[in-house]
Amino acid sequence: MNSIYIIHENEEWTRHLTKRLEELELPYKEWHMRDGIVDLTSEPPEGIFYNRMSASSHTRGHRYAPELAAGVLDWLEQHGRKVFNGPKALSFEISKIKQYTALTKAGIKTPATIAATGKANIIEAAKKLGKKPFITKHNRAGKGLGVQLFQSIEALEAYVNSSAFEEPIDGITLIQEYIQSPDSAITRAEFIGGRFLYAVNVDTSSGFELCPADACQINDLFCPTGEPVEEKPQFVILEDFHDPIIEQYENFLRDAQIDVAGIEFIKDEAGTIYTYDINTNTNYNSDAESRAGKYGMLELAKFLGSKLG
(Lines give C-alpha, C1' and ligand atoms only; values in the text may rest on other atoms or scores of the structure.)
Protein backbone atom coordinates (compact mmCIF):
# COMPACT_ATOMS: atom_id res chain seq x y z
CA MET A 1 0.00 0.00 0.00
CA ASN A 2 1.24 3.50 -0.82
CA SER A 3 1.93 5.73 2.16
CA ILE A 4 2.02 9.41 3.00
CA TYR A 5 5.62 10.27 3.81
CA ILE A 6 6.14 13.27 6.11
CA ILE A 7 9.56 14.87 5.70
CA HIS A 8 10.44 16.85 8.83
CA GLU A 9 12.87 17.38 11.73
CA ASN A 10 10.56 18.17 14.66
CA GLU A 11 8.24 15.51 16.09
CA GLU A 12 6.53 18.04 18.36
CA TRP A 13 5.24 20.01 15.37
CA THR A 14 4.26 16.88 13.45
CA ARG A 15 2.40 14.75 15.97
CA HIS A 16 -0.77 16.83 15.54
CA LEU A 17 -0.82 15.85 11.87
CA THR A 18 -0.04 12.17 12.46
CA LYS A 19 -2.83 12.04 15.03
CA ARG A 20 -5.29 13.22 12.38
CA LEU A 21 -3.91 10.76 9.82
CA GLU A 22 -4.49 7.96 12.32
CA GLU A 23 -8.05 9.18 12.98
CA LEU A 24 -8.72 8.97 9.24
CA GLU A 25 -6.96 5.58 9.04
CA LEU A 26 -4.51 6.86 6.45
CA PRO A 27 -1.14 5.09 6.07
CA TYR A 28 1.84 7.29 6.81
CA LYS A 29 5.52 7.18 7.62
CA GLU A 30 7.72 9.85 9.15
CA TRP A 31 11.03 10.68 7.48
CA HIS A 32 13.19 12.56 9.96
CA MET A 33 15.95 14.70 8.47
CA ARG A 34 18.22 15.00 11.52
CA ASP A 35 20.65 12.75 9.65
CA GLY A 36 20.45 9.95 7.10
CA ILE A 37 21.43 8.55 3.73
CA VAL A 38 20.07 9.43 0.30
CA ASP A 39 20.98 6.61 -2.08
CA LEU A 40 20.90 8.25 -5.50
CA THR A 41 21.46 4.85 -7.13
CA SER A 42 18.10 3.59 -5.85
CA GLU A 43 14.47 4.57 -6.34
CA PRO A 44 12.33 6.20 -3.64
CA PRO A 45 9.42 4.28 -2.13
CA GLU A 46 6.00 4.55 -3.73
CA GLY A 47 3.60 7.06 -2.23
CA ILE A 48 3.17 10.80 -1.81
CA PHE A 49 5.54 13.06 0.08
CA TYR A 50 4.82 16.12 2.21
CA ASN A 51 7.69 18.39 3.22
CA ARG A 52 7.47 20.09 6.64
CA MET A 53 11.10 21.15 6.92
CA SER A 54 11.65 24.16 9.18
CA ALA A 55 14.07 27.04 8.78
CA SER A 56 14.70 26.94 12.54
CA SER A 57 15.97 23.34 12.57
CA HIS A 58 19.43 24.45 13.72
CA THR A 59 17.93 25.61 17.03
CA ARG A 60 17.09 21.97 17.74
CA GLY A 61 20.54 20.64 16.83
CA HIS A 62 19.61 19.77 13.25
CA ARG A 63 21.89 22.22 11.46
CA TYR A 64 21.98 20.45 8.10
CA ALA A 65 18.45 19.05 8.00
CA PRO A 66 17.25 21.57 5.35
CA GLU A 67 20.21 20.73 3.11
CA LEU A 68 19.52 17.00 3.42
CA ALA A 69 15.81 17.60 2.84
CA ALA A 70 16.59 19.61 -0.30
CA GLY A 71 18.56 16.66 -1.66
CA VAL A 72 15.75 14.26 -0.81
CA LEU A 73 13.18 16.47 -2.54
CA ASP A 74 15.29 16.71 -5.70
CA TRP A 75 15.72 12.92 -5.68
CA LEU A 76 11.96 12.40 -5.28
CA GLU A 77 11.18 14.74 -8.17
CA GLN A 78 13.82 13.04 -10.31
CA HIS A 79 11.81 9.84 -9.99
CA GLY A 80 8.45 11.49 -10.59
CA ARG A 81 7.12 11.15 -7.07
CA LYS A 82 4.30 13.47 -6.03
CA VAL A 83 5.73 16.01 -3.60
CA PHE A 84 3.79 18.68 -1.71
CA ASN A 85 5.81 21.74 -0.66
CA GLY A 86 8.69 20.55 -2.80
CA PRO A 87 12.11 22.07 -3.56
CA LYS A 88 10.81 25.51 -4.49
CA ALA A 89 8.71 25.75 -1.33
CA LEU A 90 11.73 24.78 0.78
CA SER A 91 13.79 27.53 -0.85
CA PHE A 92 11.19 30.05 0.34
CA GLU A 93 11.17 28.58 3.83
CA ILE A 94 14.88 29.15 4.36
CA SER A 95 15.23 32.61 2.77
CA LYS A 96 13.21 35.70 3.55
CA ILE A 97 15.12 37.48 0.79
CA LYS A 98 13.59 35.03 -1.67
CA GLN A 99 10.17 35.62 -0.11
CA TYR A 100 10.35 39.39 -0.39
CA THR A 101 11.73 39.50 -3.91
CA ALA A 102 9.10 37.05 -5.17
CA LEU A 103 6.25 38.78 -3.33
CA THR A 104 7.30 42.16 -4.70
CA LYS A 105 7.56 40.76 -8.22
CA ALA A 106 4.00 39.46 -7.83
CA GLY A 107 2.77 42.93 -6.90
CA ILE A 108 2.37 42.15 -3.18
CA LYS A 109 3.67 44.93 -0.94
CA THR A 110 6.34 44.09 1.66
CA PRO A 111 8.08 46.29 4.25
CA ALA A 112 11.19 48.11 3.03
CA THR A 113 14.08 45.73 3.71
CA ILE A 114 17.86 45.71 3.33
CA ALA A 115 19.99 42.59 3.77
CA ALA A 116 23.51 42.73 5.17
CA THR A 117 26.38 40.52 6.30
CA GLY A 118 28.93 41.70 8.82
CA LYS A 119 28.34 44.00 11.79
CA ALA A 120 29.53 47.18 10.08
CA ASN A 121 27.25 46.56 7.12
CA ILE A 122 24.26 45.89 9.38
CA ILE A 123 24.68 49.35 10.88
CA GLU A 124 25.26 50.90 7.47
CA ALA A 125 22.13 49.19 6.15
CA ALA A 126 20.05 50.69 8.95
CA LYS A 127 21.38 54.15 8.09
CA LYS A 128 20.58 53.55 4.43
CA LEU A 129 17.05 52.38 5.27
CA GLY A 130 16.44 55.74 6.92
CA LYS A 131 13.31 54.66 8.77
CA LYS A 132 12.68 54.72 12.52
CA PRO A 133 11.74 52.63 14.30
CA PHE A 134 13.06 49.56 12.49
CA ILE A 135 13.56 45.89 13.20
CA THR A 136 16.21 43.29 12.54
CA LYS A 137 15.53 39.66 11.75
CA HIS A 138 17.41 36.66 10.42
CA ASN A 139 17.12 35.76 6.75
CA ARG A 140 16.95 32.06 7.57
CA ALA A 141 14.80 32.19 10.60
CA GLY A 142 11.56 30.74 11.93
CA LYS A 143 10.44 31.16 15.56
CA GLY A 144 11.12 34.88 15.41
CA LEU A 145 14.88 34.37 15.33
CA GLY A 146 16.85 37.60 15.52
CA VAL A 147 13.79 39.82 15.73
CA GLN A 148 14.66 43.01 17.59
CA LEU A 149 12.95 46.41 17.57
CA PHE A 150 15.16 49.52 17.53
CA GLN A 151 14.28 53.18 17.92
CA SER A 152 17.69 54.51 16.84
CA ILE A 153 20.93 53.69 15.05
CA GLU A 154 22.76 54.12 18.36
CA ALA A 155 20.67 51.36 19.95
CA LEU A 156 21.45 49.07 17.02
CA GLU A 157 25.18 49.81 17.29
CA ALA A 158 25.13 48.96 21.00
CA TYR A 159 23.35 45.67 20.29
CA VAL A 160 25.44 44.60 17.31
CA ASN A 161 28.67 45.26 19.20
CA SER A 162 27.55 43.46 22.35
CA SER A 163 27.69 39.83 23.43
CA ALA A 164 23.90 39.71 23.03
CA PHE A 165 24.17 39.94 19.23
CA GLU A 166 22.77 36.80 17.63
CA GLU A 167 24.63 35.73 14.49
CA PRO A 168 22.25 34.36 11.80
CA ILE A 169 22.88 30.78 10.75
CA ASP A 170 23.40 31.90 7.14
CA GLY A 171 25.20 35.10 8.13
CA ILE A 172 22.49 37.37 6.68
CA THR A 173 20.68 39.92 8.84
CA LEU A 174 17.68 41.82 7.51
CA ILE A 175 17.01 45.42 8.50
CA GLN A 176 13.36 46.24 7.95
CA GLU A 177 10.99 49.13 8.50
CA TYR A 178 8.68 48.58 11.43
CA ILE A 179 5.02 48.72 10.44
CA GLN A 180 2.85 49.91 13.30
CA SER A 181 -0.63 48.39 13.48
CA PRO A 182 -3.23 50.72 15.06
CA ASP A 183 -4.73 47.79 17.00
CA SER A 184 -1.42 45.98 17.69
CA ALA A 185 -2.49 43.01 15.59
CA ILE A 186 -1.37 41.03 12.59
CA THR A 187 -3.30 38.57 10.44
CA ARG A 188 -2.13 35.11 9.46
CA ALA A 189 -3.88 33.53 6.47
CA GLU A 190 -3.72 29.74 6.24
CA PHE A 191 -3.76 27.80 2.96
CA ILE A 192 -4.04 24.09 2.25
CA GLY A 193 -3.74 22.73 -1.26
CA GLY A 194 -3.09 26.32 -2.31
CA ARG A 195 -6.60 27.33 -1.25
CA PHE A 196 -7.58 29.66 1.58
CA LEU A 197 -8.65 27.88 4.78
CA TYR A 198 -9.06 30.63 7.36
CA ALA A 199 -7.50 33.81 8.73
CA VAL A 200 -6.33 34.34 12.31
CA ASN A 201 -6.14 37.65 14.10
CA VAL A 202 -3.09 37.72 16.36
CA ASP A 203 -2.68 40.16 19.22
CA THR A 204 0.94 41.33 19.07
CA SER A 205 0.92 43.61 22.10
CA SER A 206 3.35 41.27 23.88
CA GLY A 207 5.59 40.72 20.84
CA PHE A 208 5.46 41.02 17.08
CA GLU A 209 6.79 37.64 15.93
CA LEU A 210 4.28 35.03 17.06
CA CYS A 211 4.37 31.27 16.60
CA PRO A 212 0.94 29.61 16.69
CA ALA A 213 2.24 26.17 17.75
CA ASP A 214 0.93 24.97 21.11
CA ALA A 215 4.46 24.23 22.34
CA CYS A 216 6.73 27.08 21.30
CA GLN A 217 9.04 29.15 23.45
CA ILE A 218 11.34 31.77 21.94
CA ASN A 219 13.67 33.04 24.66
CA ASP A 220 12.03 36.26 25.89
CA LEU A 221 9.79 36.69 22.84
CA PHE A 222 6.11 36.01 23.32
CA CYS A 223 4.67 32.79 21.99
CA PRO A 224 1.51 31.50 23.71
CA THR A 225 1.23 27.93 24.86
CA GLY A 226 -1.97 26.47 26.22
CA GLU A 227 -4.61 28.86 27.58
CA PRO A 228 -3.85 32.59 27.34
CA VAL A 229 -3.31 34.45 30.61
CA GLU A 230 -5.32 37.47 29.49
CA GLU A 231 -9.07 37.45 29.16
CA LYS A 232 -8.71 38.33 25.50
CA PRO A 233 -7.35 35.39 23.47
CA GLN A 234 -4.14 36.04 21.57
CA PHE A 235 -5.29 34.02 18.55
CA VAL A 236 -8.81 34.43 17.13
CA ILE A 237 -10.00 32.87 13.87
CA LEU A 238 -11.91 35.48 11.88
CA GLU A 239 -15.35 34.49 10.66
CA ASP A 240 -16.13 35.10 6.98
CA PHE A 241 -12.84 36.86 6.29
CA HIS A 242 -12.77 38.44 2.85
CA ASP A 243 -10.06 40.61 1.37
CA PRO A 244 -8.67 40.91 -2.18
CA ILE A 245 -5.23 39.97 -0.78
CA ILE A 246 -6.39 36.35 -0.46
CA GLU A 247 -6.77 35.92 -4.20
CA GLN A 248 -3.32 37.46 -4.66
CA TYR A 249 -1.90 35.00 -2.14
CA GLU A 250 -3.53 32.02 -3.85
CA ASN A 251 -2.10 33.10 -7.21
CA PHE A 252 1.30 33.63 -5.61
CA LEU A 253 1.31 30.19 -3.95
CA ARG A 254 0.36 28.52 -7.23
CA ASP A 255 3.21 30.19 -9.10
CA ALA A 256 5.65 29.53 -6.22
CA GLN A 257 4.65 25.84 -6.10
CA ILE A 258 3.73 26.09 -2.42
CA ASP A 259 0.86 23.81 -1.41
CA VAL A 260 0.59 24.47 2.33
CA ALA A 261 1.44 27.78 3.98
CA GLY A 262 0.64 30.41 6.55
CA ILE A 263 1.17 33.96 5.24
CA GLU A 264 1.41 36.83 7.72
CA PHE A 265 0.51 40.44 7.01
CA ILE A 266 -0.04 43.66 8.90
CA LYS A 267 -2.13 46.78 8.18
CA ASP A 268 -0.90 50.26 8.99
CA GLU A 269 -3.07 53.19 10.04
CA ALA A 270 -3.96 53.93 6.41
CA GLY A 271 -5.14 50.35 5.88
CA THR A 272 -2.20 49.44 3.65
CA ILE A 273 -1.33 45.74 3.82
CA TYR A 274 2.31 44.70 4.20
CA THR A 275 3.13 41.02 3.80
CA TYR A 276 6.17 40.02 5.83
CA ASP A 277 6.37 36.24 6.27
CA ILE A 278 5.59 32.98 4.47
CA ASN A 279 5.61 29.87 6.65
CA THR A 280 5.70 26.65 4.63
CA ASN A 281 5.78 24.41 7.72
CA THR A 282 2.79 26.20 9.18
CA ASN A 283 1.33 25.31 12.57
CA TYR A 284 -2.11 25.95 14.03
CA ASN A 285 -3.26 27.16 17.43
CA SER A 286 -5.53 24.59 19.07
CA ASP A 287 -7.37 27.04 21.36
CA ALA A 288 -8.35 29.28 18.46
CA GLU A 289 -9.41 26.28 16.38
CA SER A 290 -11.51 24.80 19.18
CA ARG A 291 -13.39 28.07 19.60
CA ALA A 292 -14.05 28.34 15.87
CA GLY A 293 -14.64 24.66 15.16
CA LYS A 294 -12.07 24.69 12.35
CA TYR A 295 -9.04 22.38 12.36
CA GLY A 296 -6.08 22.92 10.08
CA MET A 297 -4.33 19.61 10.66
CA LEU A 298 -7.57 17.71 10.05
CA GLU A 299 -8.06 19.52 6.75
CA LEU A 300 -4.42 18.91 5.85
CA ALA A 301 -4.79 15.19 6.60
CA LYS A 302 -7.92 15.06 4.43
CA PHE A 303 -6.08 16.85 1.64
CA LEU A 304 -3.15 14.43 1.74
CA GLY A 305 -5.52 11.47 1.90
CA SER A 306 -7.33 12.71 -1.22
CA LYS A 307 -4.03 12.72 -3.10
CA LEU A 308 -2.92 9.26 -1.99
CA GLY A 309 -4.87 7.46 -4.68
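## Aromatic pairs

Ring pairs join Phe 191, Phe 196, Phe 241, Tyr 249 and Phe 265 into a cluster. The model is a predicted one, in which local features need pLDDT of at least 70 and side-chain atom pairs count only at pLDDT 80 or more, while totals for chains, interfaces and linings use all residues. Residues are numbered from 1 along each chain as its sequence is written, and side-chain values use heavy atoms, with hydrogens and water left out.

In total, the structure holds 15 aromatic pairs. Rings of Phe, Tyr and Trp (its six-membered ring) pair if their centres lie within 6.5 Å; planes under 30 degrees apart count as stacked, over 60 as edge-to-face and the rest as tilted. Tyr 5 and Trp 31 form an edge-to-face pair, with 6.5 Å from centre to centre and 65° between the planes. This pair links distant parts of the chain, since Tyr 5 lies in strand β1 (residues 3-8) and Trp 31 in strand β2 (residues 28-32), 26 residues apart. Helices (H or I, at least four residues) and strands (E, at least two) are DSSP runs, numbered from the N terminus. Both Tyr 5 and Trp 31 are buried, where buried means under 20% relative accessible area, exposed over 50%, and partly exposed in between (1.4 Å probe, protein chains only).

The ring centres of Phe 196 and Phe 241 are 6.3 Å apart and their planes stand at 45°, so this pair is tilted. Distant parts of the chain are linked here too: Phe 196 belongs to strand β10 (residues 195-203) and Phe 241 to the loop between β11 (235-238) and α7 (244-256), 45 residues apart. Phe 196 counts as partly exposed because its relative accessibility is 25%, whereas Phe 241, at 19%, counts as buried.

## Charges over rings

A charge sits over a ring if NZ of Lys or CZ of Arg is within 6 Å of the ring centre and within 35 degrees of the ring normal. The charged end of Arg 60 sits over the ring of Trp 13, 4.6 Å from its centre. Likewise, the charged end of Lys 98 sits over the ring of Phe 92, at 5.0 Å from the centre.

## Helix packing

Helix α1 (residues 11-23) packs against helix α9 (residues 296-308) at an angle of about 60°, with the axes 8 Å apart. Axes are lines fitted to C-alpha atoms, for helices over the stretch in contact, and angles run from 0 to 180 degrees between N-to-C directions. The angle makes α1 oblique to α9; angles under 35 degrees count as roughly parallel, over 145 as roughly antiparallel, 65 to 115 as roughly perpendicular and the rest as oblique. Trp 13, His 16, Leu 17, Arg 20 and Leu 21 of α1 meet Met 297, Leu 298, Leu 300, Ala 301 and Leu 304 of α9, contact meaning heavy atoms within 4.5 Å.

The axes of helix α5 (residues 119-129) and helix α6 (residues 153-160) come within 10 Å and cross at roughly 165°. These two helices, α5 and α6, are therefore roughly antiparallel to each other. Their contact is made by Lys 119, Ile 122, Ile 123, Ala 126 and Lys 127 of α5 with Ile 153, Leu 156, Glu 157 and Val 160 of α6.

## Helix α4 and Ser 95

Ser 95 is placed in the loop between α3 (87-93) and α4 (96-105), and at 17% relative accessibility it counts as buried. In α4, the buried residues include Lys 96, Tyr 100 and Leu 103. Among the elements that cover the buried residues of α4 are α3, β5 (113-116) and β13 (273-279).
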